Amino acid sequence: MTSVCTRFAPSPTGFLHLGSARTALFNWAYARRHGGRLILRVEDTDRERSSPASEAAILDGLDWLGIDWDEGPLRQSERRDRHEAAIETLLAKGRAYRCRCTPAEIEDRKARAIAQGEKWTYDGRCRDLDLGQDCGSHTVRLRLPKSGHLGWDDLVFGESGQDAVEIGDRIIRRSNGNPLYHLAVVVDDLDMGISHVIRGADHHANTPFQIAIYRALESEPPKFAHVPLIVGPGGKKLSKRGGSVSVQEYRSQGFLPEAVLNWLVRIGWSHGDQEIFDREDIVGLFDLAPIHRSSAQADPAKLDSLNHHYIKTLPRAELMTRLHPFIESETGCPVELTPSIEELVDLLRDRSRNLTEMARLARFLTVEKIVYEEKAARKHLRTEIEPALRDLYEQLSNLDPWQADTLEAAFETVRARHGDLPMGKLAQPVRVAITGTAVSPGIFETLAVLGKRRSAARIADALAYLRRTQRPGV
RNA sequence: GCUCCCAUCGUCUAGCGGUCUAGGACGUGGCCCUCUCAAGGCCAAAACACGGGUUCGAUUCCCGUUGGGAGCGCCA
């Protein structure tokens, strides 16, 4: 068994796309699983569309996901010499030839062939002309055998391939001297000793031509594994319309990399009934054979659920680190993480599907001044509750120690003294008084976390509010 | 249009000829718990695209049909 070497080869023409991220993940997982190497190669030969900023964004996305590589980033643009040398070799050996046909001419002949109901591949007009480099503006075409099959055993799709005649002599060097993508990838993969090419299924149909290049170069092709594309809702192409398409967007929305990774690995791949895969699970269990051959939809609801799972299980210190920026953004100023915030965060884990939501629920603790939600105040801060609330205020003012069980006892006392007031009738007004909303963790825990001084002050504020608004009960 | 690929609940999937009254997860609905919201527990609805074969027996194998996807560049 030769050693495994995979590569992830994105074009730096945007952010890290969800589909690319999964391809990167599969390459990473396969390499790690087999103790192999992962090479990061940036395919930046399209100068028009490529940008350093985009390359940085892709690296940043991989980094966030925890997908690390062993070599690179290598840039395809810096390997131009190697590509040119390969073409010269091919030319010298007669495995490629110069072609003077212009795009217009080709277009013309192609249209004519199709009009006659024929299939078009390059008709070989220049194939045997033996044109030299002084033949004027020309491209270089790969000379394909007249017969024979260009096949391979795909690790996902199984036996695949096409007859050479179906493909025809295709261009490997443009008239401006630039090597074409197919030539460049093959040369790069060869030079870098790639053993397994794991890439999107959109390349499945390109592979026969690349196999032809390997053969012309008298080299053994690597193993290929084409992984089906991720599609959006309705099976349509993934687009911004159907949700987020870049991993950075998920990060800024408060998703954890663990969740995104778990989500991606389960799209088109499975291991029995297992749903939760942490990094170690992936490295220990990943395999190419179970990958499906059909494209799959990415379900945002599943990501929510996974994210919730990881929010519930992440070690506290780790969670705090991830949450911190979200808290500061929600609060609107720098916030120092205190023990009470940490305590609250533990109470919030069951209640938050993402970090944005969690920070919002923690807001009442991190800000000095709360504002009542209109609807909550209207429903729960009514004049009728004033006597009980005042009584509670007095009870709490003298409460010591200030903790959940003593708070509960105080509530019970007040309840009993006001006509066996249902707990909800007392708890909800207090909840609005201290959080401004009708939703929070258990009221005793919430008060405990907020502390005696701030809780009392907020209840006093609510009493003042009650007197001000004079909102009668129903 | 041509070539190739794919097809199990709404979604992701398990299944590799009998164990399938087709399993799990997410989502959805209901009930329980309950100071709110969650979490948790229990229950429910929900799929083998269609038609032919092969076989004693097909979700599983073969062929069509339909539906989806990819490729058909001097893009990557």
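Glu 218 sits in the loop that runs between helix 7 (207-216) and strand 10 (223-227). This is a predicted model, so please read the angles accordingly. Phi of Glu 218 is near 55°, which is positive, and the residue is not a glycine. Glu 218 counts as exposed because it has 9 other C-beta atoms within 10 Å.

A second case is Asp 130, also not a glycine, with a positive phi of about 55°. Its place is the loop between helix 4 (103-115) and strand 5 (139-142). Asp 130 has 10 C-beta neighbours inside 10 Å and therefore counts as exposed.

Then there is a cis peptide bond between Asp 400 and Pro 401, with omega at about 0°. Pro 401 lies in the loop between helix 16 (386-397) and helix 17 (404-417). For context, most residues other than glycine have a negative phi, and most peptide bonds are trans.

Now the whole chain. Chain A contains 20 helices and twelve strands. Its radius of gyration is 32 Å, well over the 23 Å from the globule rule for 474 residues, so chain A is more spread out than a compact globule. The C-alpha trace spans about 105 × 45 × 35 Å along its principal axes. Of the 474 residues, 37% count as buried.

Terms used: Residues numbered from 1 in each chain as written. Chains lettered and ligands numbered in written order. Predicted model: local features only at pLDDT ≥ 70, side-chain atom pairs only at ≥ 80, totals over all residues. Helix = DSSP H or I, 4+ residues; strand = E, 2+ residues; numbered from the N terminus. Rg over C-alpha atoms; globule rule 2.2 N^0.38 Å. Buried ≥ 20, exposed ≤ 12 C-beta atoms within 10 Å, placed from the backbone.
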